[in-house]
Amino acid sequence: MWLSTNAAAGAIAGQFLSVFPNSDSMQLMRPLSICETDSSSAPGKIRLVYRVVGKGTEEFSHLSEHDSVVIIGPNGNGFFAPVKEKIGPDTRALLIGGGIGIPPMVELAKQLKCSVVTVAGYRSRNDMFLTKELEREGELVIATDDGSFGHLGTVTDAIEQNDIDADIIFACGPKPMLKAVAALSQKRGIPAYISMEERMACGIGACLSCVTPSSDIDDHSKVKNKRVCVDGPVFPASEVRL
Amino acid sequence: MIDMSVNIAQVVLKNPVMTASGTFGSGVEYSEFVDLNKLGAVVTKGVSLTPWPGNPTPRIAETYGGMLNAIGLQNPGIDTFIERDLRFLSDFDTVIIVNVCGKTVEEYVEVVERLADTNADMLEINVSCPNVKEGAIAFGQDPQALAHITREIRKKARQPVIMKLSPNVSDIALMAKVCEDNGADAVSLINTITGMKIDVKRRTFVLANKTGGLSGRAIKPVAVRMVYQAANAVKIPVIGMGGIATAEDALEFIMAGAAAVAVGAANFTDPYTTLKVIDGIGQYMTDNNVTDIKELIGCVWKEEFL
Ligand SMILES: Cc1cc2nc3c(=O)[nH]c(=O)nc-3n(C[C@H](O)[C@H](O)[C@H](O)COP(=O)(O)OP(=O)(O)OC[C@H]3O[C@@H](n4cnc5c(N)ncnc54)[C@H](O)[C@@H]3O)c2cc1C
Ligand SMILES: Cc1cc2nc3c(=O)[nH]c(=O)nc-3n(C[C@H](O)[C@H](O)[C@H](O)COP(=O)(O)O)c2cc1C
Ligand code: FES
């Protein structure tokens, strides 16, 4: 869905919006990644792409044009904040998205001013989405679990088989995929930045629901537990324990 | 003019609405939404002697009209808290209530002593967190242990002491009375109600901790009943919380006998909730010609009102 909102201006790829369901039965917001932004006209627009998995996303799927929905955001650090390497025009960026981790890759590919290869993993041909958008922004390689389209296997299989080389990796997807990406990053010596998912209540850093174990001491509690909602969702793969 | 101020153990709050511990951090994050100067008090997240890492995730789960949490009192420890969080709050014209937790009576007492010369206006002693294995709730469920810890803390505390009670007991009036008899200046209730959620698709517990504390709208009737019972049992002020999301909810607690109220999980649903509750109470008073909020405290049962 596209939202008309002034939160679009200045939003960074990898940031998310807290989207609030209307029903009184639901106490908590739903975090959804920014998939695309459009600031060509005021106030600007943000596109969210989500899978219906439960009550909240079900409610959102019934919104129609001109309905309004309460949001807070953009929240989180986004893909560029933790990056320690310089990204120049000659940098080769490898974007890896798995399933519902694919949406933020569209805005990231748009915001990167360098060569971009995206590897997207889906369950099967019938589950594919956002492929047109990703092709528009660079080279796209597809892997499916059942081999019904593109490479048979995981995104990391597809990278190995295609011998894709890169200077920097950005990834978002399910935990097993992130683990494989972290291993690949270590093996090949390519720095990787990964977007993490955790259950959230406040979405702004106050409640400590959404922590992820980290290798260094966190700013908030000094206990090696970083808050995904404000310290992340994007972390250097070497700094989180998956 | 309406008077919304209330007095808790000689500390005057400009209105009866405060934040519930653990749902508002130390106010830093929420100050982007809420002018902290407008709040009756800010109650900070539980703080212990040393940094605590808390529980593994998932730490929260949504339930019908509420949520379960098992944060496990992650906090940076008292030293960082005093230097950073209390310093931040010193810029605001609001009452500061520091929520204290520990594993042993000695740990609680040491935290209380460290707070003696700070800008903390009151102490709220959390003897009711259901999510940590040692300390905390054990003190809140056994009347003798509760009497002991209340006494020890009262001896050393420089500020008024609020004992925060657990609803996971059979006789809440007795627990409130034990606190009063051992020197507590006020009691606050309720902390969360122990609960559980199962993921039937994956056939697992939803929370890594298996059990968690239920809060939010779903628990309000239980909380109102307990506040009523506690307020009937003691003369010290009772602070009410549990599922408050609107001014009407807050007024229920006040009429049941609460001298002040706290907003918890509703901050997550709408970060402006505290301000809306304050405005709504003011509106109710204006509409009903109530000039002093104290006329509403316990008004459904106190003889002076009937
Ligand atoms: C930073 C971030 C970005 C995300 N971006 C996207 C996106 O772009 N597209 C998309 O489809 N999904 C995304 N998700 C996952 C999305 O938040 C959940 O699918 C959604 O909250 C489910 O809500 P529900 O009410 O439909 O499901 P329910 O199962 O009914 O939700 C119950 C509770 O669990 C929480 N929850 C359930 N699944 C998840 C999950 N996977 N991650 C975090 N919380 C969860 C909900 O927020 C809610 O509080 C993202 C998650 C995070 C943390
Ligand atoms: C995420 C979360 C964290 C909490 N942390 C604390 C805490 O550190 N100390 C404490 O005394 N109570 C804590 N509580 C309990 C609340 O202060 C409050 O007593 C309870 O949630 C009931 O109020 P509510 O229904 O308005 O949330 C916490 C509650 C939640 C939801
Ligand atoms: S969701 Fe509250 S701290 Fe991250």
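Predicted model: local features only at pLDDT ≥ 70, side-chain atom pairs only at ≥ 80, totals over all residues.
Residues are numbered from 1 along each chain as its sequence is written, and chains are lettered from A and ligands numbered from 1 in the order in which they are written. Local features need pLDDT of at least 70, side-chain atom pairs count only at pLDDT 80 or more, and totals for chains, interfaces and linings use all residues, while side-chain values use heavy atoms, with hydrogens and water left out.

Visitor: How many residues surround ligand 2?
Guide: A residue counts if one of its heavy atoms lies within 4 Å of the ligand. B:Ser21, B:Lys164, B:Gly216, B:Gly243 and B:Ala265 are the closest. The total is 23 residues.

Visitor: Which backbone has a polar atom 3.1 Å from an oxygen atom of ligand 2?
Guide: Polar contacts here are pairs of N or O atoms within 3.5 Å. Side chains take part too: a polar atom of B:Lys45 lies 3.2 Å from a ligand oxygen, and one of B:Asn126 lies 3.2 Å from a ligand nitrogen. The backbone you want belongs to B:Gly264.

Visitor: What share of ligand 2 does the protein bury?
Guide: Accessible areas come from the Shrake-Rupley method with a 1.4 Å probe. Taken alone, ligand 2 exposes 600 Å². Of that, the protein buries 98%.

Visitor: Where is A:Asp127, and what is its relative accessible area?
Guide: A:Asp127 sits in the chain A loop between β8 (115-122) and α3 (131-136), where helices are DSSP runs (H or I) of at least four residues and strands (E) of at least two, numbered from the N terminus. This residue is partly exposed, a class between buried (under 20%) and exposed (over 50%), using a 1.4 Å probe and protein chains only. Its value is 33%.

Technical notes. Polar contact = N/O pair within 3.5 Å; in protein donor to acceptor, adjacent residues only side chain to side chain.
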